[in-house]
Amino acid sequence: MCEKAKKGWLAVRTGFFFFVLLFFIRPYPAWGAESDTREDIRVGLKSRYEQKESITLYNTRLSLGFATDREYRAEITISCEEGLTVRAERGAFFELQGGRMTAERTESLAKRLREAGAVAYPVLFSAEGAGVYLPIAENGGTEEGARLRCEQAATACGVMLKAGKRESGYLIRLTAGDRILLADGAEGEYPQFASLEKDEKGIFTVDLGDRRYRGRIEIGRYGGRTAVTAVNVVPLEEYLYGVVPCEMPASWHQEALKAQAVCARSYALVKAGYHARTDSMRGYRMVDTEQSQVYGGAAFENERSTAAVNGTRGETLCYGNRTIAGYYFAASGGHTENSEDVWSFSLPYLRGVPDIYESNPSKKPWSGTLSREALANALLTGGKRVGTVQRVTQEITTASGRVYSLKVTGSLMTAGLNTDILRNLLQLPSTKFKMVSHTDVPDQVAVQGAKSSEQRAIHDCFVLDGSGEVRSAEGLAEQYVVLSAGNLTNFPRFAPEEGEYLFAGMGSGHGVGMSQSGARGMAEYGFTYREILEHYFTGISIR
């Protein structure tokens with residue numbers, strides 16, 4: 001919020017306020033560089049700016065406007081040396097009807113109400129007209145009383161009132177210094193802000209304090225909520241500038257970065273659209289977290305990642321004639337997975353494939369224990385009250401080595417956990433794991449000799465390690481990883497204490513689509529980004 005009340009045009013007295021407003025109501029570019037708004041996507045800034053009591057924009061010069069059917073029109077410019085704050089307002093809004101509603105007539109009505117002892121402010125309603133606002137608490141009366149006083153003054157001015165949708169949650173107050181500007185966005189027409197000044201890197205960004213964003217920032221009360229949320233309305237390619245370096249280290253091979261850019265672009269195109277009224281009320285389908293794709297905005301951009309985006313500009317994954325979502329994850333643990341074995345729906349281009357180039361995964365093999373109590377509590381969070389856990393059994397394992405179904409037998413009931421629900425509920429890095437209890441002997445393997453085979457503990461054996469050296473397995477890490485037939489298999493070395501269950505696994509993420517670590521390995525081995533994507537997505541083309 002601007003503290004220097006006399007330094008911005010919003011700090012002048014109310015009578016002069018609408019003269020300035022009229023002067024600035026004209027078409028104005030959304031931001032400095034040209035942008036094809038048809039390529040804009042909407043990203044809810046969930047990580048920092050979702051459901052806040054107020055959101056502050058720290059730019060010194062902004063345009064304020066509205067977008068209808070994806071067409072943005074700037075209405076006014078706002079200058080304030082210390083930014084402005086946007087918060088929801090809960091008073092009564094009244095739209096004026098009766099001839100062309102000029103700013104002067106609106107101000108005249110607000111002035112009459114103030115002369116009568118009411119607290120009233122002129123309002124900018126979307127891009128359509130003007131009105132007045134009465135904060136109920138400050139008036140010290142009811143909404144009906146405020147409306148009655150407003151109707152009486154409106155009649156004296158020769159106009160009529162139409163009540164604003166106070167209950168719908170589209171009422172936004174913009175505060176700067178000791179003056180306020182009010183804007184009531186209709187559904188899908190929330191106020192949007194665009195920077196009119198370049199930052200230190202020479203790009204137009206809206207500054208929210210913790211983060212800066214290209215494009216525009218829209219602020220609304222989506223779904224009728226009482227708090228405000230910021231949404232970044234940004235051209236697709238510029239959005240990718242802030243995604244690729246957050247999803248894959250910029251130091252990785254350029255071909256891996258290009259593969260990541262194509263996946264992220266395809267995912268965004270498929271996921272960012274609107275298909276139902278609930279989406280319209282929510283205002284966005286994409287967010288800036290792992291729930292969609294991690295997006296950090298302009299401050300996270302990197303030259304190498306930006307070059308990968310530009311080097312694949314407009315290219316997407318296609319199956320037939322349709323763009324498909326480019327699913328990806330951190331590491332597979334040796335083999336990716338069929339879509340139906342994770343999400344229960346089968347897609348022909350999401351088939352499990354060997355991931356033999358994932359020699360240096362970003363997420364290493366992992367292990368952890370869960371007590372009976374912790375396991376029961378996790379199940380309770382998922383709505384399954386099993387009581388005291390008595391036994392845990394791996395029921396179904398997929399061809400890639402992932403646990404498709406885990407059965408937990410308790411004193412009250414037996415519950416099954418399937419597919420990716422299992423990973424999320426137990427907060428495991430992946431479902432490619434071995435689960436052992438205190439009664440198991442986990443590192444026993446069959447060793448084939450010259451004439452027969454026998455069961456041996458791995459720690460009593462000599463092994464050929466990744467560098468080609470023969471060494472004793474004694475004293476190795478807490479689990480062994482064995483390469484076999486285009487996949488990796490792990491063997492936990494130790495059993496847990498009684499009352500605990502050990503989960504030892506490989507990989508990180510859901511396992512469907514492109515392994516980021518595998519893409520890195522393939523790129524370092526000499527594969528192009530197209531060859532990488534064609535390996536992980538069966539039967540696709542890149543267009």
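How many disulfides does the count come to? The count comes to zero, with a disulfide taken as a pair of cysteine sulfur atoms within 2.5 Å.

## The model

This is a predicted model: local features need pLDDT of at least 70, side-chain atom pairs count only at pLDDT 80 or more, and totals for chains, interfaces and linings use all residues. Residues are numbered from 1 along each chain as its sequence is written, and side-chain values use heavy atoms, with hydrogens and water left out.

## The chain as a whole

The protein chain has 14 helices and 34 strands. Both are DSSP runs, numbered from the N terminus: helices are H or I with at least four residues, strands are E with at least two.

Of the 543 residues, 53% count as buried. Buried means under 20% relative accessible area, exposed means over 50%, and partly exposed lies in between (1.4 Å probe, protein chains only). The accessible surface of the chain is about 24600 Å², and 49% of that belongs to carbon and sulfur atoms. Such areas come from the Shrake-Rupley method with a 1.4 Å probe; for residues, only the protein chains shown count as cover.

Cys263 is buried, at 0% relative accessibility. Cys318 is buried too, at 5%.

## Two glutamines with positive phi

Most residues other than glycine have a negative phi. Gln51 has a positive phi of about 55°. It sits in the loop between α2 (46-49) and β2 (54-57). Gln51 is partly exposed, with a relative accessible area of 29%.

Gln427 also has a positive phi, near 55°. Its loop runs between α12 (419-426) and β25 (433-436). Gln427 is exposed, at 72% relative accessible area.

## The largest pocket

Pockets and cavities are found on a 1 Å grid over the protein atoms alone. A pocket is an open set of points with protein on both sides within 12 Å along at least five of seven lines; in a cavity, a 1.4 Å probe fits but cannot get out. Lining residues have an atom within 4 Å of a point. Points are joined across faces, edges and corners, and a volume is the space filled by probe spheres set on them.

The largest pocket has a volume of about 1100 Å³. Its lining has 39 residues, and Tyr480, Val481, Val482, Leu483 and Leu488 lie nearest its centre. β26 (444-448), β28 (462-464), β30 (479-484) and β31 (487-492) each give two or more residues to this lining. β30 gives the largest share, five residues. By class, the lining has 23 nonpolar, nine polar and seven charged residues. Here Ala, Val, Leu, Ile, Met, Phe, Trp, Tyr, Cys and Pro count as nonpolar, Asp, Glu, Lys and Arg as charged, and the others, Gly among them, as polar.

Of its 28 lining residues, Glu290, Tyr328, Phe329, Gly509 and His510 are closest to its centre. α12 supplies the largest share of the lining, three residues.

The structure holds one cavity of 30 Å³ or more. The largest cavity has a volume of about 50 Å³. Its lining includes Glu337, Arg402 and His510. α10 (340-343), β23 (403-410) and α12 each give two or more residues to that lining.
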